[in-house]
Amino acid sequence: MAIEQRTREGLFPTTDVLHQLMDILGHDFTTDLSSTLASLQPRSSLRLKINAEICTDSHDSDDAEAIQVPPVHMGSINLNTTEVQDYLQLHFNGNGIPTPARSSVDREDLAVSSPTRSSLSTADMSPGQPRALQSTVQASETHSSKKRKTAGALRVTETNLSVPPTGSPTPTSGSSTARQLQTKPREFPQRKKKNEDGVHHLQPSSVERFVAGLWNQVFSSVELSPSSLAFRAINSLCLRVTKMSRCSRALETIIQAHWVDCFEARVKNIGVEKPFMSSTETKMSALREACAILKWSEKELRNRLSIWRGYKEIKDVGGWACLVFAGSGIYRFCKYRGGFGKNLTTRLGRLRPSLEVAADTIHPEWRKLLAIIGQDTQRLYSGHPHDWVVCDGMPPVALKTTYTQWYPDFSFTHLEDSVLDQLAWGRDDPRQVSGTNTAFCNDCGYFQSNNVASNECRCFPELYGACKAPIPVQVFRTPLGKNNGLIARCEFPRGSAIGEFTGLITKGMDGTDVMQSGEDERRYQIYQGKMGNYTRFINHSCAPNSQFQKFCWLGSERIILVSRGVEAGEEVTVDYSHEYWDGLDKECLCGEPCCRYLRRIRPG
């Protein structure tokens, strides 16, 4: 917009004074002056009062802050309101935007786009303006032309502000420069994806995670034997420290839980010795005695006592095994007490017998840790982990007693690998697959070896070519009259191996429950009547959560049980197939809605 030019000689007296004052001070205060005039009442007089503050330069910052100089009044100037208003109209366009005559003080919080700056060139400035102001305008234009760095999700939208020509209508508020919120939807946290059925799974509770941690620790390969840790030669310092740390942590929780028992006994004794004391006073007296020995403050001991009480509560309902195999997560669990209540008490009380069976049979020396507090170290259950049939809330029973009503002389030998019936096959193992490379896997193509350091096949590391840990399963008493079954104590993800079907490799058995495989002359059977492993106790289901699958390991065919997705605490089931049920005088008890053999017509 063209601005009307006036020479210094053509200015009014009042505006000439203002112009000279801005020239001397190097500061354009026309904007502040305009806002002041807008707030004045009609017929008001205008006086410009000038106060100055004297500043002294000092090298000592402390002295400079101590000197306080009062401002000096230098006088005042009476201004003509009409003349000032006419002067201000020359410096503002129709939109209220000031002319390029700007002060030397840059406002960094005002962001004006570069097209606006370029349209207001120095040619539009009055010739009578000082050079200092013109150079200031150029410096301000250079500074504002640089884009200011921004952070966060808010961005200033760059809009081309073109100054309309004189006489053009004033733009509406909708076309003015505005800050807009620009967001990227992908940066926002998305909700967890649904499963195939379109249902969101609930996260497990604190009790569920605590119980799952118990089973993971019980069915781990870590030894809890103080004597073996102290004197047994081991190959890795890291492994040694880990074992010692596990034992030390278990000893710590044992002692702290037992300390609570001793503390409560001491409180009772003080109450008997000093019956005039209240229950609170007896507790504080026992607490002070402990603080004097432990060298702790009462507050610190009370904070620890709240956590130790959680250890004691877990021990009382779940037994010492529940406390020892809880792992490091028990500290946080007892500190925040998330999930403590009737649910935890009921759950641990039902699992206590099963936990003790697994702990005594897998870690036979764990009870020696209790000797430090004078507890009995004799284990309650001996033998193989699957020599006992567990039932939640009831004492475990020996496996043999669950079959004596049908087989009085029942006995079962637990095997890691199948045994070849030499009367049927001699020394020729029918599982050997001819025409295959025994060194490489038929599925993944990687090198196979029983040496953990050399093996490259990772198809089923739970069973082959890796460090083996006890499989987290137990034989349990089923509630539906199916006698024994197999229960998973930890989760088996889909596609992971639960176990290998082992037993006596024979042939020619009719009318007996056997696993058949092979072809033609090398067709063989695996019989689990008197020997095998835990896969013998897997029940049939018309909607199973696992399946049998053939796998070749080092050129030998194996029958393995693969999970379809077995949850912790769920019974492991498999489909026996139609060949098993064909002509069999039995009724299926799986209880599934899709049961195929519930009401069978019995032959004869």
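Modeller: The axes of helix α9 (residues 237-273) and helix α10 (residues 279-294) come within 9 Å and cross at roughly 125 degrees, where axes are lines fitted to C-alpha atoms, for helices over the stretch in contact, and angles run from 0 to 180 degrees between N-to-C directions. That angle makes α9 oblique to α10, given that angles under 35 degrees count as roughly parallel, over 145 as roughly antiparallel, 65 to 115 as roughly perpendicular and the rest as oblique. The crossing of α9 with α10 is right-handed; a crossing has that hand if the near helix is turned clockwise from the far one by less than a right angle, and is left-handed if anticlockwise. On the α9 side the contact (heavy atoms within 4.5 Å) is made by Trp259, Phe263, Arg266, Val267, Ile270 and Gly271, and on the α10 side by Thr282, Lys283, Ser285, Ala286, Leu287, Glu289 and Ala290. Sorted by class, these residues of α9 and α10 are seven nonpolar, three polar and three charged, with Ala, Val, Leu, Ile, Met, Phe, Trp, Tyr, Cys and Pro counted as nonpolar, Asp, Glu, Lys and Arg as charged, and the others, Gly among them, as polar.

This is a predicted model, in which local features need pLDDT of at least 70 and side-chain atom pairs count only at pLDDT 80 or more, while totals for chains, interfaces and linings use all residues. Residues are numbered from 1 along each chain as its sequence is written, and side-chain values use heavy atoms, with hydrogens and water left out. Helices (H or I, at least four residues) and strands (E, at least two) are DSSP runs, numbered from the N terminus.

Ser306, Ile307, Gly310, Tyr311, Ile314 and Leu323 of α11 meet Ile330, Tyr331, Phe333, Cys334 and Lys335 of α12, a contact of eight nonpolar, two polar and one charged residues.

Turning to the strands, an open sheet of three has the order β11-β18-β17 with antiparallel pairing, where two strands pair if DSSP finds at least two bridges between them. Its edges are β11 (497-500) and β17 (546-553), each with a single partner strand, so one side of each is left without a neighbour in the sheet. The twist in this sheet averages 35 degrees from one strand to the next. Eight bridges join β17 to strand β18 (residues 556-563) in the antiparallel sense, and Lys550 has Ile559 of β18 as its bridge partner.

Strands β5 (residues 388-391) and β6 (residues 394-398) pair in the antiparallel sense over three bridges, with Val389 opposite Val397 in β6. The hairpin of β5 and β6 has two residues between the strands, and Gly393 takes a positive phi near 85 degrees there.

As for confidence, pLDDT is the predictor's confidence in each residue, from 0 to 100; the protein chain has a mean of 78, and 73% of its residues reach 70 or more. Residues 1-11 have pLDDT below 50, and this stretch has 23 contacts in the model beyond near neighbours in sequence. Over residues 94-191 the pLDDT is also below 50, with 87 contacts beyond near neighbours in sequence.
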